[in-house]
Amino acid sequence: MPVRLIASPGGAQLAVDDTGPADGDADGPVLMFSHGYMMNRQMFAPQVEHFRARYRCVTWDARGHGDTRWDGPFDYWDSARDLLAICDALDLARVVHVGMSQGGLVGMRAALLQPGGLAGLVQLATQAGAMPEGPDDSFARMIGDWIDHGPDAEKLEFLASFILGPGVDHATWHQHWRDMTQAQVRDATGALMTIDPLWHRLGEVALPVATIHGLADIATSHELGLRTPAAVPDPRGVTLIEGGPHAVNLTHPAQVNRAIEEFLQEIAADSGATGGR
């Protein structure tokens, strides 16, 4: 299926894949997937493959990534408005949002911008604060040099070890990263480095929230991720995956898919108990 471009009120042309049951009648809510920093919509292939026979699945490229077209710096509030614009354009009435890292930050902002606009959040390898500080400035220096001079083998593998971990085809993602333009890396990094923390607003997130995190995540520690279910009004399951890196949905798809499945079943049970859809 060719990628669809959806116009955002903010001026971006958002690249979207929309797949689902052949009869067009998904069993339950729409699953919307938002990727992490320096990734793209293709990172959710294991989840789409698992769920598409029963659920409508929407994946998209955020500004600064993949096939989306945009102009100039942005922040994650802009991306959250893009997410809501896709929901409007596709007439998505009941959406469970699965956000990995950056995508989780975007989904949380969408829930705050439009209370009641989402049916649930799956926070995958993410948190609600500013970018975590590392033990040194190696990440900032590496990305700064990437923006100025482009990637080389050392930078590509540094990023792969930071995000992917073992068990993922690094070569495929190396090529994705080689294909990224200077503007993509610059603006994607600008949004990452200027995150405004949301810890003080988690009490406003009035929808079910599930948490999935790898215990070997060096980009965002699980301790940081666990602050979200401790603070939101309606926390659901917390799934911690032994050996899971940042892109835990790629390395441990069966465990991640099972956790999402259990969350969907719980939401369906809630809906039945209250007479909702």
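Helices (H or I, at least four residues) and strands (E, at least two) are DSSP runs, numbered from the N terminus. The model before you is predicted: local features need pLDDT of at least 70, side-chain atom pairs count only at pLDDT 80 or more, and totals for chains, interfaces and linings use all residues. Residues are numbered from 1 along each chain as its sequence is written, and side-chain values use heavy atoms, with hydrogens and water left out.

An antiparallel pair is formed by strand 2 (residues 13-19) and strand 4 (residues 57-60), over 4 bridges. Within this pair, Val16 stands opposite Trp60 of strand 4.

I turn now to strand 5 itself. How many residues of strand 5 (residues 95-100) are buried? The count is 6 of 6, where buried means under 20% relative accessible area, exposed over 50%, and partly exposed in between (1.4 Å probe, protein chains only). Both faces are covered, with Val95, His97 and Gly99 buried on one side and Val96, Val98 and Met100 buried on the other.

Strand 5 pairs in the parallel sense with strand 3 (residues 30-34) over 5 bridges, and Gly99 is the bridge partner of Ser34. With strand 6 (residues 120-124), strand 5 again pairs in the parallel sense over 5 bridges, and Val98 stands opposite Val122 of strand 6. From strand 5 the chain crosses through helix 3 (residues 102-113) to strand 6, in a right-handed β-α-β crossover. Right-handed here means that, with the strands pointing away from the viewer, the path from the first strand over the helix to the second runs clockwise.

Two loop residues deserve a remark on backbone geometry. Most residues other than glycine have a negative phi. Ser101, in the loop between strand 5 and helix 3, has a positive phi near 55°. Ser101 is buried, at 12% relative accessible area. Met38, in the loop between strand 3 and helix 1, has a positive phi of about 65° although it is not a glycine. Its relative accessible area is 1%, so Met38 is buried.

In the loop between strand 3 and helix 1 (45-51) we also find Asn40, which is buried at 7% relative accessible area. The side chain of Asn40 reaches the backbone nitrogen of Gln42 at 2.9 Å, a polar contact (a pair of N or O atoms within 3.5 Å; within protein, one must be able to donate a hydrogen and the other to accept it, and residues adjacent in sequence count only if both atoms are side-chain atoms). Leaving aside neighbours within four places in sequence, Asn40 is in contact with His35, Asp61, Gly66, Trp173 and His176.

Which residues of helix 6 (residues 170-179) are buried? They are His170, Trp173, His174, His176 and Trp177. Seen down the helix axis, these buried residues fall within an arc of 160°, so they line one face of helix 6; the arc is that of the directions from the helix axis to the C-beta atoms. They pack against helix 4 (138-149), helix 5 (153-163) and helix 10 (248-251). The N-terminal end of helix 6 is capped by Asp169, with a side-chain oxygen 3.2 Å from the backbone nitrogen of Ala171.

At 7% relative accessibility, Gln184 counts as buried, and its side chain reaches the backbone nitrogen of Thr181 at 2.9 Å.

Definitions and conventions. Contact = heavy atoms within 4.5 Å. Pairing = 2+ DSSP bridges.
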